[in-house]
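Visitor: I have a model open and would like to learn how to read its features. Could you walk me through them?

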Amino acid sequence: MQNVGSLYAIKRAICDGEPVIDRVVTLTGNTFSKPKNVWARIGTSVEALLNEFGYKADRKLERLIMGGPMMGFTLPHGNVPITKTSNCILAPTRKEISSSRYEMECIRCSQCADACPASLLPQQLQWYAKAEDYDKCEELNLKDCIECGACAYVCPSEIPLVHYYRQAKAEIRTRKDEALAAERAKQRFEEKNARMERDKAERENRFKKAADNRRKTMKESSGGDDAIAAAIARVKAQKEKSEEPTVKPAVAAAIAKAKAKQQAAMESGSAEPDNSEMAKLREERKRQARERKAKQEQVQFNESAEANDSGSADKKSAVAAAIARAKAKKG
């Protein structure tokens, strides 16, 4: 079901290619000197329409209602724009529509349920909406409420039922939008992590492939041998060679001679082998060590002495130059 205004807007959009920039607005109520239906541009303020068509507010009860007496809602002031859904501005006197009394407790009369054209349960919807239990509101099909205002009109307790429903609908929409935004953010985060993992794997594969290519190139250039393995082998050989102790020929001969004597003593059955040669060898080694240490100390002493001599020579030359300058100035 569509109203005449919506059908006319559809015709203008489809047949004439005209967007909705204005709509018919009903200005009614005894506070208007010239109540009528007018074409109003979207965005026009309600206050401008009131001033244009002779609005005189009721001094004792000033009220502006956007919409009809059943589905409309009270405006706090006239500085409100006309929208695509604004179809009526109702400005009644206190005699036309009595002022709303304060809200009382529900007496469970079921008149709201009897008057509901959508066969809902307005009383229970109001309970859950007031308690902010929006899951229960959705279970009771709050979205099917057409906000006709019949339930609030027949309510003897003056409960603004439609206001509760509108607030609950807005909160449900807000929560759904937030949940959807959170889900999208989660998906983006997961996709980002997956993309980073893929990039990392691709980099590792690329580096591995490049290393394999370099190794293959070096192997081909070295005539089939692995150049890296050959280099590692050469380094190990040099290291082992450098770690081998250097033994002088004389010492080696003495060691061989001592071992030969020990072997001969053991073969002859002597209980105590002659270790005199080994003792001499140890003494020879100690003497050589003392000589090397003395040479090192002598070298260090000579270097320090040369450094001191050069420093003292510099000082002497600086003193002589200063004396010469002083004599030149005095002469």
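Guide: Let's start with Trp-39, which counts as exposed at 51% relative accessibility. The cut-offs are simple: buried is under 20% relative accessible area, exposed is over 50%, and partly exposed is in between, with a 1.4 Å probe and protein chains only. Keep in mind that this is a predicted model, where local features need pLDDT of at least 70 and side-chain atom pairs count only at pLDDT 80 or more, while totals for chains, interfaces and linings use all residues. Residues are numbered from 1 along each chain as its sequence is written, and side-chain values use heavy atoms, with hydrogens and water left out.

Visitor: How many aromatic pairs does the structure hold?

Guide: Rings of Phe, Tyr and Trp (its six-membered ring) pair if their centres lie within 6.5 Å; planes under 30 degrees apart are stacked, over 60 edge-to-face, and the rest tilted. There are two such pairs here. One joins Tyr-8 and Trp-39 in a tilted arrangement, 6.0 Å centre to centre with 55 degrees between the planes.

Visitor: Which residues have the most contacts inside the largest nonpolar core?

Guide: First, the general idea: in soluble globular proteins, nonpolar side chains tend to be buried together. A nonpolar core is a set of buried Ala, Val, Leu, Ile, Met, Phe, Trp, Tyr and Cys residues joined through side-chain atoms within 4.5 Å. The largest one here has 18 residues, and Leu-142, Cys-151, Leu-161 and Tyr-165 have the most contacts inside it. Elements giving two or more residues to this core are α4 (122-130), α5 (134-139) and α7, with α7 giving the most, six residues.

Visitor: What is Tyr-165 in contact with?

Guide: Contact means heavy atoms within 4.5 Å. Leaving aside neighbours within four places in sequence, Tyr-165 touches Pro-122, Gln-123, Leu-125, Gln-126, Leu-142, Cys-145 and Cys-151. Apart from this core lies another, of 17 residues, and among them are Phe-32, Leu-49, Tyr-55 and Met-66.

Visitor: I see cysteines. How many disulfides are found?

Guide: A disulfide is a pair of cysteine sulfur atoms within 2.5 Å. Searching the whole structure finds zero. Take Cys-148: the nearest cysteine sulfur, that of Cys-151, is 6.1 Å away.

Visitor: Which residue's ring has the charged end of Arg-206 over it?

Guide: The test is NZ of Lys or CZ of Arg within 6 Å of the ring centre and within 35 degrees of the ring normal. Arg-206 has its charged end over the ring of Phe-207, 5.8 Å from the ring centre.

Visitor: What is the phi of Glu-132?

Guide: Glu-132 has a positive phi of about 60 degrees, although it is not a glycine. Glu-132 is in the loop between α4 and α5. Asn-141, in the loop between α5 and α6, also has a positive phi, near 65 degrees.

Conventions: Helices (H or I, at least four residues) and strands (E, at least two) are DSSP runs, numbered from the N terminus.
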